[in-house]
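Please read them alongside the sequence and the coordinates.

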Amino acid sequence: MNNVWELQTANRKRPTLNRCAKLRPVEKDLLANTGLLPRAIIRQKSGLQVLEDVRDGHLPRPPMAGVIPMRITEAELGRVVLVSEAAEQFYNGMGIVHGGYQLTLLDSCMGLAIYSTLGPGLAQTSIETKVNFVRPLTTATGPLRAIGTALFTGSRTGTAEGKIVDAEGKLYAHGTTTCFLFPVPPED
């Protein structure tokens, strides 16, 4: 061995490959009641009315909710709360939930908070999202609430802030977003 690094590397214990977390099977009904919102409904109802219908099961949840399970539990003008619980399928190689899971929850709740302020026929999409991860998540964390609050809704853009907390209110991540606002095109 020619240098200290080689000696240190040779003396390290090799990691065991069998320490991977067992993955739970994906729920079979995860994609149940998911789909695209009918444009005619979006053109007819305000954002808040659409979100209330999704929350109450009268309209489908977005297809993304079949990938990262989330559902609306609260919807009011300028504020939307989503609930989700992280599963091992979202773990990274370090055995903690990947940051993309939290980013998706925040992007969703903040965008929906802005959407809740829009009138009929308008939609939104993210331009920019900024997230700060405060502490790691695991499956032991339990149910999470992603709370989005609209800060500004203009004619072309809207901004919002959001946070992810556990059942005791402990903060796991927070962020901000800017969304582009646009008219929903008529049916094809």
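1. In this predicted model, the lining of the largest pocket draws at least two residues from each of helix H2 (39–44), helix H3 (47–55), strand E1 (71–76), helix H4 and strand E3 (122–133). Among these contributors, H4 gives the most, with six residues.

2. Helix H4, which spans residues 99–115, has 17 residues and reaches 24 Å from its first C-alpha to its last, close to the 24 Å expected at 1.5 Å a residue. H4 is also mostly covered, with 13 of its 17 residues buried.

3. Which residues does Thr141 contact once its neighbours within four places in sequence are left aside? They are Asp166 and Tyr172, while Thr141 itself is found in the loop between E3 and strand E4 (144–153). Thr141 counts as buried because its relative accessibility is 17%, and the cut-off for that class is under 20%.

4. On confidence, the protein averages a pLDDT of 87, and 83% of the residues score at least 70. Over residues 1–28, however, pLDDT stays under 50, and for this stretch the model has 14 contacts beyond four places in sequence.

Technical notes
Residues are numbered from 1 along each chain as its sequence is written. This is a predicted model: local features need pLDDT of at least 70, side-chain atom pairs count only at pLDDT 80 or more; totals for chains, interfaces and linings use all residues. Side-chain values use heavy atoms; hydrogens and water are left out. Helices (H or I, at least four residues) and strands (E, at least two) are DSSP runs, numbered from the N terminus. The expected span of a helix is 1.5 Å times one less than its number of residues. Buried means under 20% relative accessible area, exposed over 50%, partly exposed in between (1.4 Å probe, protein chains only). pLDDT is the predictor's confidence in each residue, from 0 to 100. Contact means heavy atoms within 4.5 Å.
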